[in-house]
Amino acid sequence: MLLVAGSLVCLHSTTKSIATLHAAVAPYSPGLANGLSTLLALGMVGVLGTAGWWWTSLHGGEHPRSRRPKRPLKATRARIETTLAKAEGAIAKLHDDTIQRSLAERVETQRAIATSETLRLVLFGTSSAGKTSTVNALLGHQAGETAATLGTTQHAKPHTYTLPGFNGTIELVDTPGLQTVGAIGEGEAIQMATEADLLVFVVAEDLDAVEYALLQTFSEQGKRAVIALNKSDCRLPDDNQMILDRLRAKTRSWLPAEQVVEIAAAPTPILVREMSTDGSAVETEVARVPEVRSLTEQCGSILQREGQQLRLAAAMVRAQNLAAAVDEAIAKERRERAERVVQRMQWATAGAVAATPLPALDLVAAAAINARTISELHEIYEREISWKQAQKMAKVAGKLLLKLGGVELASQAAVASLKFAFSSGVPM
C-alpha cells in the first residue's frame, strides 16, 4: 500500500468534497444526499480495491510468509562454505557499517566452527529439571550453581568435556530453562538447542505439551536427541519404569527407545544414624555418587557412530540461520529506507495539492511524484521493472488517478450546481 500513499492524499480531499455535498443537499432532500454520498463512497472503495490489486500483482500474488519452506540440503563442507559465502556477499548490501562489521564477524566465527572438530553437546529442558546438576555430574565437579528456585541458569554456559568412549573434544553447554512465555534466556536456549550437534533433553517427569512439541520440532529438523529422566532417586523403581514407558511410547515414532534413559544427577544424601557408646544417636548425611552412566554411554555411542555427520549438519543449520539473519537485516534496512521515501513523497504530494488550485493539476503532480517514488523503491529493493510490469503499473495507476479525479471533479461540480439551484429557487 506504500506505493499508492500519494494518491490517497488526493482521496482525502475527495472525502471532504463528499461531506460538503452531503451537507449542501441534506437540508432539502436527505434521501438524495444519502444516495449521492453512498454512490461516491462506493467509488472510493473501488479505488482502494484497485490499489490493493495493483500491489498484489506487483508481488506475484503471494505473501512472502506463505511460501513453502525449502527442504534442507544434505550437509557438506562445500555447501556450508557456499552458504557462508552468500551471506558474506549479502552483507555488502547493507549501508550500516556497525551492522556490517557485526555480521561479518559472525560469518568468520561460523567458518571457524565449521572447520573445527569440536562437537557441541547441549543440555536443554524446563527450569529446575536438573540441567546444571547433570552438567556437574558429567564433568565430575561443581561447574554451575544449582538451587531450588526457577531459572538459576540465566545464560548458556559452555564447558570442555571429555566423554568416556569417545575420542574427540566436546563442548558441553548448559542452557537457561524453559519457563513462562517471554522469560529471559528462553529464546537463547531454543537457539542453542537448534544449533546443537547432539541434544540432551533433561526432564524430571513425563513430557508436557510444550516439551513434546519442541522435541518433535527438533526431530523434524533432523536433530538427534537423548531424553534423560532425572531425579530417579526420588521415586520408586516401579514409578520410574512407568514414566520411562510413557516417554518411550510418546516418542517412539522418531526416537529409539534406548535414547530415553534415567539418571540421578544430584541424588539426595542418605541419612545415617549411629549409636554412640553412651547410648545416644548421632545422625549424619552421607552423599551419594551421581548416576549418569546410562546417559554417557548413550551419548558416547551416538557421537562415535555419527559425530562427523552430526557436526556437519549442525554447522549447516548455523550457517543457514546466519544467512537468514543477514536477509532480515537487509529487509529491515530496506523497509526503513522505503518508509523515508514514502514519507517524503507524502509531504511532496500534500504540498503539490495545496499549491495547485485545479484538480487536474493535483492529479498531474501526484502522478509525477508517484512515478519518482516507484523508481526509488525499485532501486532500494534492487528490482528491475520489465516492460510487461511497467505496462501493468501504468494501466492501474492511470485507472486509479482517473477514478480519483472523476470522483473529485464530479463532487465539486455537483456541489456548485446544487448551491446555485437552491440559491436561485430552481425546483429539484
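Tutor: Of the 428 residues of the protein, 41% count as buried. This is a predicted model, in which local features need pLDDT of at least 70 and side-chain atom pairs count only at pLDDT 80 or more, while totals for chains, interfaces and linings use all residues. Residues are numbered from 1 along each chain as its sequence is written, and side-chain values use heavy atoms, with hydrogens and water left out.

Student: Why does threonine 251 count as buried?

Tutor: Buried means under 20% relative accessible area, exposed means over 50%, and partly exposed is in between, with a 1.4 Å probe and protein chains only. Threonine 251 has 0% relative accessibility, so it counts as buried. Threonine 251 sits in the loop between α8 (237-250) and β6. Helices are DSSP runs of H or I with at least four residues, strands are runs of E with at least two, and both are numbered from the N terminus.

Student: What does threonine 251 touch, not counting residues up to four places away in sequence?

Tutor: Leu207, Ile227 and Val260. Contact means heavy atoms within 4.5 Å.

Student: Why does glutamate 105 count as exposed?

Tutor: Its relative accessibility is 54%, so glutamate 105 counts as exposed. Glutamate 105 lies in helix α4 (residues 97-115). Its C-alpha atom is separated by 9.9 Å from that of glutamate 88, 17 residues apart along the chain.

Student: What makes a set of residues a nonpolar core?

Tutor: The residues must be buried Ala, Val, Leu, Ile, Met, Phe, Trp, Tyr or Cys, joined through side-chain atoms within 4.5 Å. The largest such core has 27 residues, and Leu121, Tyr161, Leu172, Val200, Leu295, Cys299 and Leu303 have the most contacts inside it. Elements giving it two or more residues include β1 (119-125), β4 (198-203) and α9 (293-355). α9 gives the most, with five residues.

Student: Which residues is cysteine 299 in contact with, leaving aside its neighbours within four places in sequence?

Tutor: Leu121, Leu163, Leu198, Val200 and Val226. A second, separate core of 24 residues includes Ala225, Trp254, Leu255 and Val260.

Student: What makes two strands a pair?

Tutor: DSSP must find at least two bridges between them. β2 and β3 have five bridges, in the antiparallel sense. Tyrosine 161 stands opposite isoleucine 170 in β3.

Student: What is the strand order of the open sheet?

Tutor: The six strands run β2-β3-β1-β4-β5-β6, with mixed pairing. β2 (157-161) and β6 (260-262) are edge strands, as each pairs on one side only. The twist averages 25° from one strand to the next.

Student: Which strands does α5 touch as it packs on the sheet?

Tutor: α5 touches β1, β2, β3 and β4, and its direction makes about 150° with that of β3. Axes are lines fitted to C-alpha atoms, for helices over the stretch in contact, and angles run from 0 to 180 degrees between N-to-C directions. Helix α6 (residues 186-194) also packs on the sheet, touching β1, β3 and β4, at about 140° to β1 in direction.

Student: How do you know how confident the predictor is in each residue?

Tutor: By pLDDT, the predictor's confidence in each residue, from 0 to 100. The protein averages 74, and 60% of the residues score at least 70. Over residues 57-72 the pLDDT is below 50, and this stretch has nine contacts in the model beyond near neighbours in sequence. Over residues 406-411 pLDDT stays under 50, with ten contacts beyond four places in sequence.
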